[in-house]
Amino acid sequence: MGTEEQFAIAWDKFLSFVREYVQKITLQKAQSEKNIESYTKIEAMKKEPTVDNVLKAQDVLISLDSSLKETIEIIKFFNENNGNELVQAKEALHKILTHPLIQNYQETIANEKAKIKNIDLNIVECEKCLNKESFSFRYLSELIEVSPLSENEKIAVLSKAILDESSKKEREIPAKEEPTVSLKELITTYQNLVAKGKIYKEKYQHLLGNKTPQQMEYIKMITACLHQKEADIQSFQYSEEKMMVLLIEMLEVEEIVATETQGGLTKEVSPTKKEEIEYYVSNLEEIIKEIISLDTERVEEKKSEETELDENRILFFLDEKNRPFFDIEKFSNEEQNRIANLFKSLTHTYESYTRGDRHTKFLTKQKCDVAVFINKNGKMCLSYALLPEETILVLQIAGIKKIFEETEKIVRKYSVEIESYRTANLGALLEEQSNFKQELYDRLNIGKEVRR
Amino acid sequence: MKNIFWHKICQECLSLITSKNVDIDELSFQLGVSKERFMKYFNKPSDDLTFYLKAYNLLIEWRE
């Protein structure tokens with residue numbers, strides 16, 4: 001043991017080492033993040049291992065292993081001379097694709113992620129040392145061991161740490177006598193919420209299951225925006241993506257509460273700590289409420305998509321002068337053929353939307369309390385609203401470039417009128433429009449099967 | 001964070017649109033917006049951040 005002054009000198013030297021060490025591992029972290037990004041780029045190449053994709057990823061490949069440069073030059077040469085089918089070109093391509101770094105890229109990404117996690121933990125511990133907070137002695141000993149301090153200095157640092165910690169504990173003794181409050185009820189609430197959340201976690205796990213690290217990063221960036229109040233969940237319109245964000249947010253908050261309560265094992269804490277945990281639990285409750293409400297919306301949306309419709313129950317939304325919002329005469333013959341196909345398939349395309357064929361688009365946010373769909377055939381589109389009694393109300397027919405704008409115009413201007421169809425005598429309206437429909441179908445050469 | 005997200009995801013979406021030769025009319029249709037609104041959201045951040053996530057998810061799976 002040395003004097004107080006020797007302790008202080010050794011301690012300062014040690015802190016300088018810790019600062020340098022933090023800088024070093026922060027650089028390592030940045031490198032690992034860069035590696036993950038690079039591997040994400042070669043994912044596309046793995047999915048479609050063509051010469052073009054290999055050449056697109058050449059910079060990344062060379063940065064991962066500079067010895068690949070030569071092989072890439074070979075591929076480039078054959079590609080420029082139309083020789084991709086030659087054995088040498090195929091061999092070079094094979095060499096790239098079977099390179100261990102590329103073949104095991106998923107494992108490498110996982111390793112890099114583990115490295116980042118480990119570095120983050122190290123940084124937290126180092127910061128505790130630098131801020132003179134309560135740190136782990138095991139970690140401190142490891143740090144001292146790898147530091148360039150002399151044996152005497154190492155002992156001095158350890159002694160000072162032990163002395164500081166014990167005097168801190170002495171000072172903390174009165175704090176222990178401060179009143180604590182029970183966490184029992186809060187933990188029960190938290191556990192109930194976790195159980196509730198689990199149902200949705202399982203129901204929607206497929207949404208997150210196949211996402212790339214980059215997609216996951218974007219979802220996490222959105223949750224960070226929500227936490228920092230830079231975004232409002234109510235502005236999110238795409239239900240599937242909104243669900244992904246909510247699920248990740250739920251997992252993040254669950255993890256915070258689990259850490260704060262040591263997985264629900266902490267029985268008593270200070271009132272301030274309790275307030276903090278209460279905040280997170282109520283946050284979790286809000287997220288789960290949002291998930292439940294979104295789930296209900298999605299179920300209802302799906303039900304309306306799955307409704308089987310009678311093809312005779314097609315109505316047209318007409319303006320004040322009883323005219324439709326489209327002029328069939330203005331469309332070319334080819335466009336009219338496409339429109340005829342849209343009418344013929346109108347009742348079946350709901351199913352294709354549900355299957356994800358993307359021929360039918362559902363307008364999610366409208367100032368109208370009626371679900372609006374848009375069907376597409378080539379570049380021609382038809383928008384319509386779903387009415388009760390399995391009736392379709394055709395709103396507009398237009399090309400793909402105009403359909404959204406024009407449908408939105410109608411929905412904005414006539415939302416009250418469109419909604420009034422929900423309580424109207426639809427049978428009488430269908431009868432009223434039968435002549436108009438016949439004329440239109442004759443013009444489009446549609447058979448009698450869709451007439452009334 | 002919102003600006004970082006917007007810059008990064010827009011840049012990546014645009015690069016996917018170029019590299020995969022994506023038809024903007026078709027992409028706008030799948031996103032349920034007009035082409036004009038699509039362009040507007042790429043010029044100025046929209047409050048609906050899921051729009052960008054949806055666009056990115058569609059582009060990742062896009063087949064030429």
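Analyst: In chain A, 67% of the contacts with a separation of 6 or more are between residues 24 or more positions apart; two residues are in contact if their C-beta atoms, placed from the backbone, lie within 7 Å. This is a predicted model, in which local features need pLDDT of at least 70 and side-chain atom pairs count only at pLDDT 80 or more, while totals for chains, interfaces and linings use all residues. Residues are numbered from 1 along each chain as its sequence is written, and chains are lettered from A and ligands numbered from 1 in the order in which they are written.

Chain A contains 19 helices and seven strands; helices (H or I, at least four residues) and strands (E, at least two) are DSSP runs, numbered from the N terminus. Of its 452 residues, 25% are buried, that is, 20 or more other C-beta atoms lie within 10 Å of the residue's own.

The part examined here is the contact between the chains. Chain A contributes 28 residues to the contact and chain B contributes 21. On the side of chain B that touches chain A, helices H1 (2-19), H2 (24-31) and H4 each supply at least two residues. The largest share, eight residues, comes from H4(B). By class, this side of chain B has 10 nonpolar, five polar and six charged residues, where Ala, Val, Leu, Ile, Met, Phe, Trp, Tyr, Cys and Pro count as nonpolar, Asp, Glu, Lys and Arg as charged, and the others, Gly among them, as polar.

Against which helices of chain A does H4(B) pack? One of them is H12(A), whose axis lies 11 Å from that of H4(B), at an angle of about 180°. Axes are lines fitted to C-alpha atoms, for helices over the stretch in contact, and angles run from 0 to 180 degrees between N-to-C directions. H12(A) is therefore roughly antiparallel to H4(B), the word for angles over 145 degrees. Gln215(A), Tyr218(A), Ile219(A), Ile222(A) and Cys225(A) make this contact from H12(A), and Leu49(B), Leu53(B), Tyr56(B), Asn57(B) and Ile60(B) make it from H4(B). It has eight nonpolar residues, two polar and no charged ones.

Another is H13(A) (residues 239-260), which packs against H4(B) (residues 49-61) at about 105°, with the axes 9 Å apart. The two helices are thus roughly perpendicular, as angles of 65 to 115 degrees are called. Here Glu241(A), Lys242(A) and Val245(A) meet Thr50(B), Leu53(B) and Lys54(B).

Ala231(A) lies in the loop between H12(A) (213-227) and H13(A). Ala231(A) counts as buried because 24 other C-beta atoms lie within 10 Å. Leaving aside residues up to four places away in sequence, Ala231(A) touches Ile222(A), Cys225(A) and Leu226(A), together with Lys2(B), Asp47(B) and Leu49(B).

The predictor's confidence in each residue is its pLDDT, from 0 to 100. In chain B the mean is 87, and 98% of residues reach 70 or more; confidence is highest in H4(B), at 92, and lowest in H2(B), at 84. The mean for chain A is 80, with 86% of its residues at 70 or more. In chain A, confidence is highest in H12(A), at 89, and lowest in H16(A) (residues 349-355), at a mean of 47. For the complex, the predictor gives an ipTM of 0.95 and a pTM of 0.54.

Conventions. Parallel < 35°, antiparallel > 145°, perpendicular 65-115°, else oblique. Buried ≥ 20, exposed ≤ 12 C-beta atoms within 10 Å, placed from the backbone.
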